[in-house]
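The entries follow in the order I made them.

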Amino acid sequence: MSNIGARHLTRRGLLGAGGAVALAALTGACGGDDGGDAAASPGGGAWSFTDDRGTRVELKARPKRVVGYVGTAAALYDFGVDEQLVGVFGPTRLKDGKPDPQAGNLPVDRLTSIGNAFGEFNIEKYAALRPDLLVDNMFVKGELFYVPVESKDKVYALAKSVALSTGAVPLPKPIERTAALAAALGADLKAPKVTAAKARFDRAAEALRAAAKGNPGLKVLAASASPDLFYASSPAKNTDLIYFKELGVDLIVPARLDTNGYFENLSWENADRYRADVIMLDSRTQALQPKDLGSKPSWGDLPAVKAGQVIPWQPEPRFSYEGCAPILEALATSIKSAKKTG
């Protein structure tokens, strides 16, 4: 997901990520629970998949050339989709050329990037890839993430697209939907690597539940930092926070949310509005990190900061069991050892 300053009041600051964003509430009703209504002949016959817009995508054969938003592609790769992936867009490489953390395990050296930052989507490069299918996360209902609004019609004209809901539903849901798409694309969900990741995820979820139960009353705030604003995120919208709360984590609910209900924009002078024992701080490359916040006196005065209880938060997790299990494990460890500051 992209960065994010308040100057971009669209999709850019999604999930409390350093900026504001117009987000529609998403529900789990889109796409149903039927595994996406996916169908494909083992011999390469007709292929179909019903995505989370409720759109039934139909092709003459299983897609052989897939281009995807980096987070979607990385999650599909974890489930076993590999050779079909030919291109990506979104945060794929850091400024030093190394893979962006959001790229996960993707073999980025063999994939064509058609845009690394928000607003970048090279339609000529995309067309040259001869895509059979475009796959993407959908945080705003009906909108494919990182596909520029001004050129979306041209993009959609080049290939069919599949959108997976990745907001306002508990974390397991987008993981399950990504798995369903991976299976439709030919991945073996019974492969040892996949089943082992699922078992690890389940263990990690129980570890987080136990940690939260064992440290009652510990107040946790999910937030993101930008030069001008401190964003307090709502556990009612972000898919991972919804799940953490279900597992018992006592997440602070901001009182003055933006019109879409995702986060509260706080000036740095008001960054202490919510007293948190632990701060989960957006760790993506486009958000400010603790090392960047020394010039903000209010940051250093926060109880969680004084206590050394600021932990990384990935507001846009990789929606696979392999991608999310370590997140649950790390949070469980942090909550188990954290101390109350008040």
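Which backbone nitrogen does the side chain of Glu 264 reach? I found that of Arg 256, at 3.2 Å. The model is predicted, and I kept that in mind throughout.

**Glu 264**

I placed Glu 264 in strand S11, residues 263-267. Its relative accessibility is 2%, so I logged Glu 264 as buried, the cut-off being under 20%. I then looked for side-chain partners. The side chain of Glu 264 makes a polar contact with that of Tyr 274, at 2.4 Å. I also listed what Glu 264 touches, leaving out residues up to four places away in sequence. Phe 230, Tyr 231 and Ala 232 are among them, and so are Pro 254 and Leu 257.

**Strands S12 and S13**

I checked how S12 (residues 278-282) meets S13. The two run parallel, joined by four bridges. Ile 279 has Val 310 of S13 as its bridge partner. Next I followed the side chains along S13, residues 310-313, and saw them alternate. Ile 311 and Trp 313 point to one face and are buried.

**Helix H4**

I compared the span of H4 (residues 172-184) with expectation. At 1.5 Å a residue, its 13 residues should span 18 Å. The end C-alpha atoms are 18 Å apart, which agrees. How many residues of H4 are buried? I noted eleven of the 13, so the rest of the structure largely encloses H4. Lys 173 and Arg 177 are among the buried ones, as are Ile 175 and Leu 181. Just after H4, I found Gly 186 with a positive phi of about 110 degrees.

Most residues other than glycine have a negative phi, so I looked up exceptions. Tyr 146 has a phi near 75 degrees. I located Tyr 146 in the loop between strand S7 (133-138) and helix H3 (152-158). Tyr 146 counts as buried, at 3% relative accessibility. Ala 168 also has a positive phi, near 65 degrees. Ala 168 lies in the loop between strand S8 (160-165) and H4. At 19% relative accessible area, Ala 168 is buried, the cut-off being under 20%.

**Confidence**

I ended with pLDDT. The chain averages 87, and 87% of the residues score at least 70. Over residues 1-36 pLDDT stays under 50. The model has 141 contacts beyond four places in sequence for residues 1-36. Where pLDDT is low, the predicted coordinates should not be read in detail.

Note on methods: Residues are numbered from 1 along each chain as its sequence is written. This is a predicted model: local features need pLDDT of at least 70, side-chain atom pairs count only at pLDDT 80 or more; totals for chains, interfaces and linings use all residues. Side-chain values use heavy atoms; hydrogens and water are left out. Buried means under 20% relative accessible area, exposed over 50%, partly exposed in between (1.4 Å probe, protein chains only). Two strands pair if DSSP finds at least two bridges between them. A polar contact is a pair of N or O atoms within 3.5 Å; within protein, one must be able to donate a hydrogen and the other to accept it, and residues adjacent in sequence count only if both atoms are side-chain atoms. Contact means heavy atoms within 4.5 Å. pLDDT is the predictor's confidence in each residue, from 0 to 100. The expected span of a helix is 1.5 Å times one less than its number of residues.
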